[in-house]
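Subject: Structure handover

Hello,

Here is the structure I promised to pass on. My notes follow below it.

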Amino acid sequence: MRIGLLALALVSTPVAAQDIVLRELPPASIAVGEKSIDELQTMMASGEWTSARLTQAYLDRIAAIDRRGPTLRSVIAVSPNALAQARASDARRKAGKTLGPLDGIPVLIKDNIDTRELPTTAGSLALVDNHTGRDAPVVALLRAQGAVILGKTNLSEWANIRSNNSMSGWSAVGGLVRNPYALDRSACGSSSGSGAAVAASLAAVAVGTETDGSVVCPSAMNGLVGLKPTLGLVSRTHVVPISHSQDTPGPMARSVRDVATLFSAMVGSDPKDAATRGADKYRKDYVAGLSSGALKGMRIGWWKPEMDADLAARFDKALEELRAAGAILVEVKLPELKGLGDAEGEVLYTELKDDLAAYLATTPPSVKVRTLADVIAFNEANKAVEMQFFGQESFLKAEKTRGTKDAEYLGARAKSLRLAGAEGIDAMLKAANAQILVTPTYGTPWLSDPAHGDQFGGPSASELPAVSGYPHLTVPMGLVDGLPAGLSFIGTAYADELLLKAGYAWEQASKARVAPRYLPTVAADLGPQKPR
């Protein structure tokens, strides 16, 4: 059964899809759609709402939109104790002991990150019994600050590393995530569920993870703000890994302010993750420095890759908006950087084999796979379900690698770092004498296609910051031909705060984000949504 195609046939017209959402919400549910963290906190502080009532409203919305209605399939599981967490927050508030801006706020977690109340599957049937009973340190930080862990989000299985022919947003456990702007379009990946869920207001915010593009792509293609932090600011312990050189969790939300709020709670050193050794000195309130005037006098380098005319026109408008907000814009040339893709691939495949085995060694006895070879064998034994749309050629390639002490791997890692960092982002910043860089994040969402997999087209800004470990923020540029597109803000190491400041100022100037309408396809209704 082709899950994605069957589900699309169940949706009728644009109006009907929207009506279904509204009809299936219980009458007692409060209106949480498009509400920011600040708005939710104000309502709880006034006594008008409680965290328990707020959490129930999100659970109702998940039932109405994710399980029925448009059937987004963005949430794999909801926490059995979500309401108990919320009631504990309400008790703290009543006693005057709130823990901060996230206290009582429901947060969704990508299902490759351990949470103690739910299994961590990475979307694979091989891990359906992976009840670790532990929180990843990043989740523990959120919980310690009062966040309600609402549930786990669907994802591209194994964070999209199993096959280069994969269909983003599909997993054997969760099915195909659908884009709430146009249900036949990709939600991108691998944090597809986090992207679609937050776009549909199934939670205030969500945590995704990125190795290369997996936070910024689903954020851009679901009309969200997403931050891929500087590597080492957020712990990766108890996160199903691909690459210790590039993996990092990152915050996703509908506004820069909400991303900054969630990010502030995620930063911190972890003794089990050597890359985070110096992270504590970057713990701060990243919201405090946000200002609509932050772009005044800021030097920004920009480049314009090949893209469709409508996206190019929207990017030109974004440059005009940046300039009008006071930025000094300098065009830069994207270096050629020959061999970067091959070097990155060698690093990812080599580290996947070792890093995945290290994670699997810590899972409970109920998990029968302990190595990448075991996972490959499991997929082959269960190919009718696991490999109904695409194979595992990337896993097979990774299994043939020779380890992280191999000279070819060491050379590839040094080369990729040099090309992406010193000869890439750093060189462009220096050439423009700029503080940050901007460019379109990706193109717009393509059709979800079980037969042919992802159809990437147009620009892609994720590789250089992903490989270098530098920060990357995407902010909505609005809709292009009815579909979301994002503007990327890229900087050197630890420029996360600067990117948030610049992104916030442009967001306030452009007001570009448009809420989703759950259309079956953009062809059904383009008129009023096309940006001008």
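Which residues of α10 are buried? They are L311, A312, R314, F315, A318, L319, E321 and L322. Buried means under 20% relative accessible area, with a 1.4 Å probe and protein chains only.

First, the basis. This is a predicted model, where local features need pLDDT of at least 70, side-chain atom pairs count only at pLDDT 80 or more, and totals for chains, interfaces and linings use all residues. Residues are numbered from 1 along each chain as its sequence is written, and side-chain values use heavy atoms, leaving out hydrogens and water.

Back to α10. The helix covers residues 309–324. Helices (H or I, at least four residues) and strands (E, at least two) are DSSP runs, numbered from the N terminus. Cover for the buried residues of α10 includes β9 (299–302), β10 (328–331) and α17 (496–510); contact means heavy atoms within 4.5 Å. G326 follows α10, with a positive phi near 110°.

Next, the disulfide. The structure holds one. C188 and C217 form it, with sulfur atoms 1.8 Å apart; the cut-off for a disulfide is a pair of cysteine sulfur atoms within 2.5 Å. The pair links distant parts of the chain, 29 residues apart. C188 lies in the loop between β5 (175–176) and α7 (192–199), while C217 is in helix α8 (residues 216–221). Both C188 and C217 are buried. The torsion about the S-S bond of C188 and C217 is about 95°, so the disulfide is right-handed.

Best wishes

Notes: Buried means under 20% relative accessible area, exposed over 50%, partly exposed in between (1.4 Å probe, protein chains only). The expected span of a helix is 1.5 Å times one less than its number of residues.
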